[in-house]
Each structure stands twice: as structure tokens, then as C-alpha cells.
Amino acid sequence: MRRMLPKKCYLLGLQKLTLILDHNHEALARLASCLLNSSPNLKDLEIMDPLDIRYSDHLAAEFWEKHITAGCILNHLSVVAFYMRETLFEGYPRTGLCQFLVMNARALKRMSIKYHCSLYETEHVATVLEAVQSELHLWPRASPDVLLELSEVDCIRSI
């Protein structure tokens, strides 16, 4: 798969992108990275877990380092929101793309990870959230002013 669209097909006017996909599924992650690499003026990114997520493997930040070379990530992307269904609570939290963006997006002002956890017991949720919160604070930041948020939502909208 191509790393980016041909230059004549770049999404120059795209400033906000919402993706509903499993960003830890390698083929879908390659598609997402192609779109990001082809959107030089992107400022606002939303990624939502789909309703029928199949719980693919975790893609670490290193995967994204190999596939995202976009100037938008480095210089323009300022707001990112992840809407995670149960993926935050299934085994290892799938936060590789979150970590990559925090470590590389120089203009990033806010990274929100919003989760829905209705299927899990309170103790399990609290344990996972504590681990994720600790991990978030250890990530090096490209933008010293970035605000990292972890918050529960009642539901995650879908299309």
C-alpha cells in the first residue's frame, strides 16, 4: 500500500478528519497513515472504534514512526480525540498511535482519550485507568503545552 496519495490527489482543504476504524488492525492502520500523510493541513483528528471491532493486535508507536511522515502531524495537528469502546480495557491498552502523536506532533494542544466501559467491573476499570494514566505521563512530548485527557463517556456515537 502507498504511504501517501499522489501529490495531485492530496487533501489540501481537509482540516478535520474523523475515522471510524480499528487503528490497531495493520491494513486499516496503513490506510489511516496514507490519509494522514496526504492531508498536509489537517488540524483536528478523531478516531473512533467501530461497533464491530475485532480486537486486533496492538500496534506500537514504532509502527506509526515507520508509516507516518506527514508534515501535518509535525506542524499542524493540534487536536486529537480517540473514542475507545472496550479496546482500552482488553489486555494491553492499545495506545500506540496516541503515544506516537504526543511524541511527534509539535502543534498538539489537546489529546483526549474518551472511553466507554459499561461491560467491565469498577475494580478492573480503575486498575486499567490508573495504569494508562501513569503511562500517559511518562511519554515524551513534542509540544510542551499539550493537555492529555482521559475521560469516560456515556456512549460513543457511530454512523
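## Strand pairing, burial and salt bridges in a predicted chain

In strand E4, Tyr115 is the bridge partner of Met84, where strands are DSSP runs of E with at least two residues, helices are DSSP runs of H or I with at least four residues, and both are numbered from the N terminus. This is a predicted model, in which local features need pLDDT of at least 70 and side-chain atom pairs count only at pLDDT 80 or more, while totals for chains, interfaces and linings use all residues. Residues are numbered from 1 along each chain as its sequence is written, and side-chain values use heavy atoms, with hydrogens and water left out.

**The sheet**

The chain has 5 helices and 5 strands, and its elements, read from the N terminus, follow the order β-α-β-α-α-β-α-β-α-β. An open sheet is formed by 5 strands in the order E1-E2-E3-E4-E5, with parallel pairing; two strands pair if DSSP finds at least two bridges between them. At the edges of this sheet lie E1 and strand E5 (147-152), each of which pairs on one side only. Direction ignored, neighbouring strands of the sheet are turned by 10° against each other on average, the axes being lines fitted to C-alpha atoms, for helices over the stretch in contact, and the angles running from 0 to 180 degrees between N-to-C directions.

At the E1 side, 5 bridges join E1 to E2 in a parallel arrangement, and Leu17 stands opposite Leu45 in E2. Strand E3 (residues 79-84) pairs in the parallel sense with strand E4 (residues 110-115) over 6 bridges, and here Val80 is placed opposite Met111 of E4. The pairing of E4 with E5 is also parallel and also runs over 6 bridges; within it, Arg110 has Leu147 in E5 as its bridge partner.

**Burial**

Of the 159 residues in the chain, 48% are buried, where buried means under 20% relative accessible area, exposed means over 50%, and partly exposed lies in between (1.4 Å probe, protein chains only). Strand E4 is largely enclosed by the rest of the structure, because 5 of its 6 residues are buried. Strand E2 (residues 44-48) is likewise mostly covered, with 4 of its 5 residues buried. Ile20 and Asp49 are 29 residues apart in sequence, yet their C-alpha atoms are 5.8 Å apart in space.

**Helix H1 and its surface**

Helix H1 has 12 residues and reaches 16 Å from its first C-alpha to its last, which is close to the 16 Å expected at 1.5 Å a residue; the expected span is 1.5 Å times one less than the number of residues. Its buried residues are Ala29, Ala32, Ser33, Cys34, Leu36 and Asn37. Leu31 also has its place in this helix (residues 26-37), but it counts as partly exposed because its relative accessibility is 37%. Together with Met1 and Leu28, Leu31 makes a nonpolar surface patch of about 280 Å². Such patches are made of residues with over 30% relative accessible area and no salt bridge, like charges being joined within 9 Å and nonpolar side chains (Val, Leu, Ile, Met, Phe, Trp, Tyr) within 5 Å, and the areas come from the Shrake-Rupley method with a 1.4 Å probe, only the protein chains shown counting as cover for residues.

**Salt bridges**

How many salt bridges does a search of the whole structure find? The search finds 2, a salt bridge being a side-chain nitrogen of Lys or Arg within 4 Å of a carboxyl oxygen of Asp or Glu.

| Salt bridge | Closest N and O atoms |
|---|---|
| Arg30 and Glu26 | 2.9 Å |
| Arg110 and Glu149 | 3.7 Å |

The second pair links distant parts of the chain, with Arg110 in strand E4 and Glu149 in strand E5, 39 residues apart. Arg110 is partly exposed, with a relative accessible area of 38%, and Glu149 counts as partly exposed at 25% relative accessibility. Arg30 and Glu26, on the other hand, are separated by about one helical turn, because they are 4 residues apart in helix H1. An α-helix has 3.6 residues a turn, so residues three or four places apart point the same way. Of this pair, Arg30 is partly exposed with a relative accessible area of 28%, and Glu26 counts as partly exposed at 40% relative accessibility.
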